[in-house]
Amino acid sequence: MADNPLLRGSQYVEEILKGSDDFLEGIAAIQREDAVRTGCAQPALPMLDLHGVSRRDVHSSLLQHMQARMLEKLDSLDDKTLSKLLELSFPYIHLEDARNIVMKLLQRFPIIDEKYLLHLAEHPELYTSCPTAVKRQIWQINQGFFGEAVSPLLDKYMAEKESVMFTVYGSDKKATNFFSVSPKTRRQSAVVQELVDMIGSSLPLYNTLVQFLRTLYLRTHISHYCTLRSEIIMSLHERESNIRSADPCHKFAWCLDACVKADHVDSKKARELYTFLETTPTGEDVLGDISMLLRDPYALNVVCRSIIACLHDTQKQWKLPRESDELESLLRLLQLGLKALAILDSKDYTQDALDVGLVVKFLPELMNPMSLTFPTQGFLTLLASNPQAMHIATSYAVHLLEKRDLLTLNVLVSAIATAYANHSEGVELPDAFLHQLVYCSLYPQPIGVTELCNIIETFWVPCAPSSEPVLLHCCRLLWATHSQLKADLLEDTLEAIKPGNQLSTVAHEQYNTLVAHINHQK
């Protein structure tokens, strides 16, 4: 094969011409030795010459015709013949005109010989030309290539999520709500579908991608990786992939997805999810994956909203929170989701007991924010130290804003701001709360100027300077509402939220963009 002129290409032509005393005779010799051997084509060559058709065009046309005929026959060949054909044709894979045939041949093999895969991986131009079905087998023996392939997609996915989270208005000029898109619609995104196509039916690649998501979430603390974890398994569920039966979290993810779709965890679904947790053996690492599914912002948002609804139901029934089994199930789901990072980091797959103070003292006080004693020091202490308390309180604040109970809202967000000023490590204001606080201030109808000024003064101004997420969302709010504020109040607010040196360049750029936008509108 090494002496085959086709494999030597231009080098072979150069050697013939250099070794010939007559240049034209050398060309003629090449044409005689390497002319098309097809009997039906040979007599036509002189006539085609007379019509000015170059031999290159003739050969290209013949090659395309023969390729089409060969591709038609591939489906009718048995495995033994295909293997022999691959062995004979693979040396020609470096010839671009012949590469398509070899790639089609490789696609026919569910298991490709590793020597071919290694050769493809060693040559970038060949690897790039491989169809996904062939690349999939390369990825299975080389995780590095798979990581390089999925990394740009993961970056694009994160950028898309962040864009929606921090955008004020969408393309339709309406206020954007991060949580308004249905799970099924989200799974149809180009990035998710491409990732699922890359996995195909390969369980090893699925497990590798899941491990990538775990690692990236652990490294970056960005919960959108948890969303993607959920969207991947549910996309495979929709395609009825065999992979779903191999993932012990599949049924849990399926049930949770139904709750997100319904925007509520009813008592039946709460029992199903909680039963799954109860039947998971202590110490099983599946708990880490379940915690990631629950840490998905969409799932966490629905669980928190369901807790608020459950609390209202207990009030109507004149019951205390500790008397509700449904509430206990929801609180355990919330607790596990908020522990996702700690579980993955420590690999401690045990479930903690609920904080008694949260159930017995915090929740009853939360549901009565207009009492004369609200907020007590115990309430503020738990709010500043317990992530569950912070998520439930902020979810209740969004509920009050949706109901336009702005007087109660102002009392609650003031308490949240006070607690956040003394918060401990690990207790942050949820992005979901900040996003919805802006969205619900604008939609379906903007809140009044007085109420807007109260929220800015009691919450945004105290929290924004020391928290980058708060500052970014505050910039979203001011971008949309600055024209409603008096000039002196707007100026004081901009000065109060001006980012300090401890915040990133992103925060400074966003703030400067807002200031430039406001100045341009004057």
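How many cavities of 30 Å³ or more does the count come to? The count comes to two. On a 1 Å grid over the protein atoms alone, a cavity is a set of points where a 1.4 Å probe fits but cannot get out. Grid points are joined across faces, edges and corners, and a volume is the space filled by probe spheres set on the points.

## About the model

This is a predicted model: local features need pLDDT of at least 70, side-chain atom pairs count only at pLDDT 80 or more, and totals for chains, interfaces and linings use all residues. Residues are numbered from 1 along each chain as its sequence is written, and side-chain values use heavy atoms, leaving out hydrogens and water.

The largest cavity has a volume of about 80 Å³. Its lining (residues with an atom within 4 Å of a point) includes Leu 277, Arg 332 and Asp 352. Helix α21 (residues 325–338) gives the most, three residues. Helices are DSSP runs of H or I, at least four residues, numbered from the N terminus. The lining divides into three nonpolar, three polar and three charged residues. Here Ala, Val, Leu, Ile, Met, Phe, Trp, Tyr, Cys and Pro count as nonpolar, Asp, Glu, Lys and Arg as charged, and the others, Gly among them, as polar.

The second largest cavity has a volume of about 60 Å³. Among its lining residues are Pro 183, Ser 230 and Asp 257. Two or more residues each come from α12 (183–187), α15 and α17 (250–262). This lining holds five nonpolar, one polar and five charged residues.

## The second largest pocket

A pocket is an open set of points with protein on both sides within 12 Å along at least five of seven lines. The second largest pocket has a volume of about 1200 Å³. It is lined by 44 residues, and the closest to its centre are His 221, Ser 223, Arg 295, Glu 428 and Asp 431. Helix α25 supplies the largest share, six residues. The lining divides into 24 nonpolar, 12 polar and eight charged residues.

## His 224

His 224 is found in helix α15 (residues 224–238). It counts as buried because its relative accessibility is 4%; buried means under 20% relative accessible area (1.4 Å probe, protein chains only).

The His 224 side chain makes a polar contact with the side chain of Glu 162, at 2.8 Å. A polar contact is a pair of N or O atoms within 3.5 Å; within protein, one must be able to donate a hydrogen and the other to accept it, and residues adjacent in sequence count only if both atoms are side-chain atoms.

Terms used:
Buried < 20%, exposed > 50% of the residue type's maximum accessible area, 1.4 Å probe, protein only.
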